[in-house]
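Q: I have a structure open and would like to learn how to read its features one at a time. Where do we begin?

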Amino acid sequence: MRLDALSRLVRLSLARERRGAFFSAFGVAMGVGTLVFFIGLGLGVGQVIREKIFPNDARMVDVVPAAVSLGSLLGGGKLDAEAVERLRSLPGVEAAHRKMNVRVPAVTRYDGAFFGTKLRMGMEVLAMGVEPSLVKGDTQMGEFKDPGEGQPIPVLVSTRLLELYNKTFAPARKLPQLSANMIVGFGFPVEFNRSYVSANSATGPSRSVQTQVVGASDRAMFAGITIPLETAMRINREAGVDADTFTGVTLVATDPSKVPALVDAVKAMGLEIDDQERRMAENTGAAVALTTSALALLSILICILAAVNIAHALSASVRARAKEIGVMQAVGASRSDIRAIVLAESAVVGLAGGAIGTGVALLASLGVNRFAAGYLPNFPFKPDSFFSFPWPVVLGGVVLGLLAALAGAYFPSRRAAATDPARTLAG
Amino acid sequence: MIHARDVTKEYLDGDGTRVRVLDSMSLDVEAGDFVAVVGPSGSGKSTLLHLLGGLDVDYRGEVKVGGVTLGGLKDKDLARFRNTHVGFVFQSFHLIPNLSALENVLLPSYFGPRTADAVKRAEALLERVGLGAKKDRAPVRLSGGERQRVAIARALYGGPRLLLCDEPTGNLDANTGDGVIQLFRELHREGLTVLAVTHEERMSVAARRVLRLKEGKLVEERATERSVLGGAP
């Protein structure tokens with residue numbers, strides 16, 4: 001059957017059965033709209049978890065020494081230079097970034113101007129040294145390397161720490177909101193080998209140094225400051241503590257698919273994988289995915305009901321139009337022509353319902369985002385948008401509407417095609 | 001034009017009894033003839049029409065119309081046959097209510113090959129049946145006779161050589177029916193083969209041949225010389 005003829009007949013038929021077509025399309029729009037809305041919500045929240053709360057690179061593996069290891073008694077299981085070289089030479093490793101904690105206590109005492117207000121504060125500080133290559137691209141000022149004795153130590157702060165500061169710490173203390181750009185250049189003193197908590201933990205005389213924030217990084221230590229590895233090694237060496245073994249090594253795999261084999265090889269060396277954050281991300285992601293799936297299932301049920309509704313409506317329509325179908329057959333319609341007409345009518349209803357449902361879901365997401373921005377408290381990691389609508393989801397919504405309608409039309413179209421014109425036109 | 005041999009048609013009635021409505025029936029109709037088939041209700045007249053028009057192919061025997069053997073044709077080929085070889089006119093007109101008169105006449109064009117002058121052709125046919133001025137009217141705004149004329153125009157759209165009419169004046173009053181019969185006469189004079197099943201005297205009077213369907217078989221009841229009716233040779 002010619003497309004222009006099919007289109008004309010479908011248009012005429014839908015114009016006559018506007019009411020039925022409207023309700024059928026409404027059902028499809030409901031199902032598709034809720035599905036697209038919840039999938040968009042699940043993807044959006046998942047994205048926040050992956051990118052903001054627990055940022056993770058699928059190619060990265062954090063290696064730490066085993067907490068308890070027989071190997072360590074025999075000289076294995078520790079992360080010294082030799083172990084790092086062995087890790088670096090494992091198959092599938094693109095790079096190995098060493099990390100070393102400053103192994104003496106440290107405090108900061110700040111009493112001065114703080115972005116337009118006055119701040120007086122003293123607190124314990126944890127410090128971790130990392131190789132500049134690990135945080136390449138996050139440094140916004142100068143170079144991230146050991147500056148040498150007497151010079152300000154470059155410091156990276158965690159973007160997540162900054163988020164927590166802005167959303168919980170600062171509002172309660174009437175401190176200013178800070179962005180990553182604003183804090184670059186900010187300096188504060190740190191006193192190594194000193195503790196407010198336990199005086200016994202110090203191993204010698206304390207040393208006060210100036211630090212300067214050079215940027216914020218997802219890979220920076222969450223509750224502390226991140227300094228160049230060489231600086232951490234120097235401080236440890238000067239304090240007479242272990243400056244040879246590393247706290248951890250971040251391996252970068254050549255490809256995410258290489259990670260499982262890499263993990264096995266690392267464990268075979270008597271070392272452990274620090275996948276706490278990854279697991280938390282996975283668990284939280286799984287919870288979100290589960291909730292989204294349950295809601296999506298509900299939406300799919302609505303789509304199925306919409307398809308059943310279409311099947312009922314079309315069956316009734318086919319029965320009512322039996323004579324009309326018979327006439328079409330008498331003037332030259334084949335069974336496949338009749339089937340095509342019924343399917344095309346339903347396809348138009350499904351496409352319209354799918355497109356309207358998807359459009360309504362997109363509009364509803366804008367409404368929810370506006371509501372959240374205006375009425376929800378400014379909690380940590382609160383995103384600008386709770387939704388993510390990649391194009392396959394948008395297109396999928398429309399296609400789902402089409403498929404639901406075609407599924408609903410399948411049996412009615414067969415029944416229509418099986419119409420016996422001799423019987424319907426008799427009398 | 002029509003050649004049917006030993007055609008037998010049976011069906012199951014409501015209580016499951018097998019009813020033989022056509023019993024080894026044979027029929028030959030020449031091109032350009034005007035034939036009326038008469039008989040009581042339920043004698044199988046409409047069934048005969050449906051077999052000849054390719055609407056029903058569930059029978060035994062041979063049916064050949066316009067050189068096309070209908071038995072064994074695939075659905076698509078049967079549809080093409082109905083689109084181009086025959087035109088149907090029904091007692092109840094069977095116009096599609098939400099289409100205008102013109103669109104009803106155009107209906108066969110949707111199932112045939114694309115033609116540039118489809119609308120012109122449909123308009124010309126409506127003119128031919130005297131309804132050129134009412135082409136945009138919906139069937140509900142036409143009288144019974146006018147509806148039947150639209151149905152005739154629709155039947156003629158595909159340029160058929162055979163018109164199959166099922167009680168075409170059955171739902172019309174005497175005057176209107178006479179007008180429709182006159183139209184069939186004119187079409188017959190123009191060379192169209194007309195086969196009408198009817199139980200109306202005036203329709204059978206108009207026909208050149210009258211056949212009676214009796215106990216599943218056709219019996220010649222009357223044949224008039226063509227020159228009397230002025231039909232095509």
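**Reading helices, strands and a contact between chains**

A: We begin with two helices: α9(A) passes α12(A) in a right-handed crossing. Keep in mind that the model is predicted.

Q: At roughly what angle do the axes of α9 and α12 of chain A cross?

A: Two packed helices are described by the angle between their axes and the distance between the axes. Here the axes of helix α9 (residues 276-320) and helix α12 (residues 391-417) of chain A cross at roughly 30 degrees and come within 8 Å. That angle makes α9(A) roughly parallel to α12(A).

Q: Which residues of α9(A) and α12(A) meet?

A: From α9(A), the residues include A307(A), I310(A), A311(A) and L314(A). Among those they meet in α12(A) are L400(A), A404(A), G408(A), F411(A) and R415(A). Sorted by class, this contact has 16 nonpolar, 2 polar and 1 charged residues.

Q: Next, a strand. Are the faces of β6(A) covered or open?

A: In a regular strand the side chains alternate between the two faces of the sheet. In β6(A), I153(A), V155(A) and V157(A) lie on one side, P154(A), L156(A) and S158(A) on the other, and all are buried. Strand β6 (residues 153-158) of chain A is thus mostly covered, with 6 of its 6 residues buried.

Q: How many bridges join β6(A) to β8(A), and in which sense do they run?

A: There are 6 bridges between β6(A) and strand β8 (residues 207-217) of chain A, and the two run parallel. As one of the pairs, V157(A) has A216(A) as its bridge partner in β8(A).

Q: In what order do the strands of the open sheet in chain B stand?

A: The 4 strands follow the order β2-β1-β4-β5, with antiparallel pairing. β2 (18-29) and β5 (68-69) of chain B each have a single partner strand, so they stand at the edges and one side of each has no neighbour in the sheet. Strand β1 (residues 2-12) of chain B pairs with β2(B) over 8 bridges in the antiparallel sense, and R18(B) in β2(B) is the bridge partner of L12(B). Helix α1(B) packs on the sheet, touching β1, β2 and β4 (60-65) of chain B, and its direction makes about 125 degrees with that of β1(B).

Q: How many residues does each chain give to the contact?

A: The size of an interface is often given as the accessible area lost when the parts come together. Counted by residues instead, the contact takes 24 from chain B and 23 from chain A. On the side of chain B that touches chain A, α1 (45-52) and α2 (75-84) of chain B are the elements that give two or more residues. α2(B) supplies the largest share of that side, 6 residues. By class, the side of chain B that touches chain A has 10 nonpolar, 7 polar and 7 charged residues.

Notes
Residues numbered from 1 in each chain as written. Chains lettered and ligands numbered in written order. Predicted model: local features only at pLDDT ≥ 70, side-chain atom pairs only at ≥ 80, totals over all residues. Buried ≥ 20, exposed ≤ 12 C-beta atoms within 10 Å, placed from the backbone. Pairing = 2+ DSSP bridges. Contact = placed C-beta atoms within 7 Å. Nonpolar A, V, L, I, M, F, W, Y, C, P; charged D, E, K, R; others polar. Axes fitted to C-alpha atoms, helices over the stretch in contact; angles between N-to-C directions. Parallel < 35°, antiparallel > 145°, perpendicular 65-115°, else oblique. Left-handed = near helix turned anticlockwise from the far one by under 90°.
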